[in-house]
Amino acid sequence: MIELTRAITIGQFVAGKSVLHRLDPRVKLVGMLAIIVLVSLAWSLSAFLVCTVLALFLLALSRLSLRFVLGSLRPAVIFLLFVYVFQVLFYQSAAQHTSMLWQWQFLHISVEGLVASAKVSYRALLLYYFVNLLTFTTPLMDLADGSEALLRPLQRIGVPVTELVLVLVIALKFVPLFIAELERLMKAQAARGVKLDSGSFLSRALKVGPLLVPLVLSGLKRAETLTIAMEARCYRGGRGRTRRRVLALSGRDVIALTFLVVVAAGMIAANLRGPV
Amino acid sequence: MLQLDRVSYGYSGLEHDSPAAVREITLAIEPGTLVALLGQNGSGKSTLAKLAAGVLQPQAGHVVADGFDTCDREGVWAVRERVGLVFQHPDDQLVTNTLLDEIAFGPENLGLPREEIEHRVGESIRLLGLERYLDVPLNELSVGQRQRVAVAGVLAMRPRYIVLDEPTTMLPHHLAEDLLATLRELARADGIGVLYITHRVEEVTGFDRIIVIERGTIALDGSPEDVFSAREQLAALGLEPPVAMHVATDLRERGGLPLPDVLTPVDLAQALRSGGYANSTGATAPRPNRAGIAFESSPSLSAEGEDVPVLELRDARHVYMRGTPFEQVGLNGLSLSVPRGAFVACVGPTRSGKSTVADCLNGIIRPGRGMVYFNGQDIAAPGFDLDVLRDAVGVVYQNPESQILKDIVGKDIAFAPLRKKLSLAESRRIVQESLEAVGLPYEEFRNRYTYALSGGEKRRVAIAGVLAMQPSVLVLDEPVAGLDPRGRAEFLSLIRWLHRERGLTIVYLSASLEDVLELASQVYILDAGSVAFSGSPRAVLEHLDRLDALHVGLPEVSRVALELHHVLPNMRVDCLTALELETAVFAALGRTELTAYAPSTVLEEEQTDD
């Protein structure tokens, strides 16, 4: 069965009117940054608990279907499980020998390794989840506006922020088109005898390799056409361009920011205090 | 005025698929006029469009819009502001992914004040009736809706001229009509000059001027009446006059009906009515076999009765993205059967389930519910080898680019034989056979680079690659979409040859009935994932108004029949050719001239006899 569009959800936006959808994109981006930092620093069990509660709370706020969001985690879960096995087997630490369960040559399984690797994997899963939640509830153009507003100070030191943001917008716009193209290429392969939907994970991954060249070629062609389309509509870089959208903070956004500060404080406290 | 003055543009010519050149073209487009540009693929139409819109600068000559020259460094931006460009495929054109941002993109680039941008965006949205889609992400809109967004984005820049490069290729008939009506309105009310590129002559009958280009130069230029009357010149350029005009001329010259020259079906119906030929008797007559004329029956199914069909779908249901907010029904209880050696067509508008049918037939998708049978075996049964199915059922997809997997033609076609671990000599033989089966000489093509082939050659190589699997069934998904009339005819004759001479069973998926009338033994009309009705091409054509309501693409003969039916309610509408249509009109009028008008004489034959 080949249905990539179902598995790959990165960059997809799910229209809705929830609180999360309506927040100012700048607040969402700052919140996202804060969450990334907090999750990356989480070490104690209670800190992970706070993260999980936060994840569930935001999910409830977003009013997205639980089944859909869990489904979107599937590719990450499969990948992380795969990585987890290696992490455990090659785990290195000084205190490890005290909790060794099994050992052969340079491969080993220890309780400490199991726990530490689980934390790393869970952290990655949380990050993947939060980024997904952001794109599910934020239209691409809001993300672009938000990042442009936040990065504007860099313009003073000569960073072409407006152009970079447009590059981001177009790149994300191409994601669904690319997935559709990849799906077409895979179908064409399957129609000519390649067994894409059977075999081990690794052998399947290897079969996608040869598709990259036609995929990149079609991407370049699209980019070229889009350049012409943009020039035809008088795009000359950020110079002399009006921005139609104006961002404004509302009461809702202030509450969200306050909430963020409280959660961050709670997280830091949980991390400091909690047992390992 | 938009003026092209002895404009030339050429490409380096290393790649065969590079766009065609333009040589010393001079033409002027007045504000408020509708100008059509016709020509074969590779005649230079698209190059001319880009030159006129200022995205290409001519190598010789000048393009001047309202006094601004594209060769001038600032002038080129003034030209781009004044001349809007709409592409064939909206996905090539849309920059952002929401409707408001997309339409505002141009005005934003012009640096207009914010209030003015809002005003113009609102205006364009109203003009194209897009109010309902404000909150829908662009990639969830249909192609037709996206094309309207693209046009709105161009209009928001308030251009004085619009250049449209085959904008209706991806659109069903009723949406194409809507777009044309909008253009007429823009020309009439706002004085916008329109340069409209197409190869569908029926679309441009109401234009002010028609220009036909061939190999980069202007071959014909004049009013639609003048251009379409030059039949022989048109034929030499690979074009035919509109069917309504052809029929009117025949009815007059051969049948003695005093009809004036007409260009459109509506005008033809009007001419019949005002000539006193309208026939309101029997307005409630039953549809089949009216007016007592017999048409040749369609080719019947060659495999009769007992034989187990090669492929069969039974009550297949499939939902894409099940369990996500993007759920979409692909199939909704669809059943069809493909007898061995038959030519089965599935015809329906976009999203009617055609592509899902293709994916089910070679086991790429297993329908969520329902059965797929291959030679009577359930493909979902344990122990069924999907490879057997995929070897036997070759699928050729719409876009050849996504199907060519290697850089050299020979290597690409050898892909399947080498996978099967056949010997080199055996593979080579199959590659040669497959290439020659699609009409490409082996020695000439086997070492060519695939990316440097022309569009038509790519399609042929894509088919050859599938033929190298040595399938017994060929599933073709919209194989002729986007080809010009000449390319289309060549391609259909290749498919006819594969079916009749090579004995391949064909499943042909298409948005238009036109492609399949001549070849299909059974036509399934699809609607929203299930079969609306089915039958022989002629039987299906009896339901013309229903087909039209389902937005199925119809051949122009049927469009004329549909229109004349209002005037002649007892006329047969299931006509396959213009000749049959003329016969049906005569029969409906109860005239006896019919006998003098031998149905077997075809125009071309008579010309060669003279």
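**Stop one: the domains of chain A**

Start with chain A, where the domain assignment gives domain 1 (1-138 + 249-276) and domain 2 (140-245). Keep in mind that this is a predicted model. Colour domain 1 and domain 2 of chain A separately: their centres, taken over C-alpha atoms, are 26 Å apart.

**Stop two: where the chains touch**

Now show chain A and chain B together. Chain B brings 56 residues to the contact, and chain A brings 50 residues. On the side of chain B that touches chain A, the elements giving two or more residues are helices H2 (75-82), H3 (99-109), H4 (114-127), H14 (415-419) and H17, plus strand E16 (393-396).

**Stop three: a residue in H17**

Stay on chain B and select helix H17, residues 455-467, then zoom in on Arg459(B), which is found there. Is Arg459(B) buried or exposed? Arg459(B) counts as buried, because it has 26 C-beta neighbours inside 10 Å, and the cut-off for buried is 20 or more.

Next, show what surrounds Arg459(B). Leaving out residues up to four places away in sequence, Arg459(B) touches Pro400(B), Pro479(B) and Phe491(B).

Glu401(B) and Arg459(B) are 58 residues apart in sequence, yet their C-alpha atoms are 8.3 Å apart in space.

Note on methods:
Residues numbered from 1 in each chain as written. Chains lettered and ligands numbered in written order. Predicted model: local features only at pLDDT ≥ 70, side-chain atom pairs only at ≥ 80, totals over all residues. Helix = DSSP H or I, 4+ residues; strand = E, 2+ residues; numbered from the N terminus. Buried ≥ 20, exposed ≤ 12 C-beta atoms within 10 Å, placed from the backbone. Contact = placed C-beta atoms within 7 Å. Domains from an automatic or database assignment.
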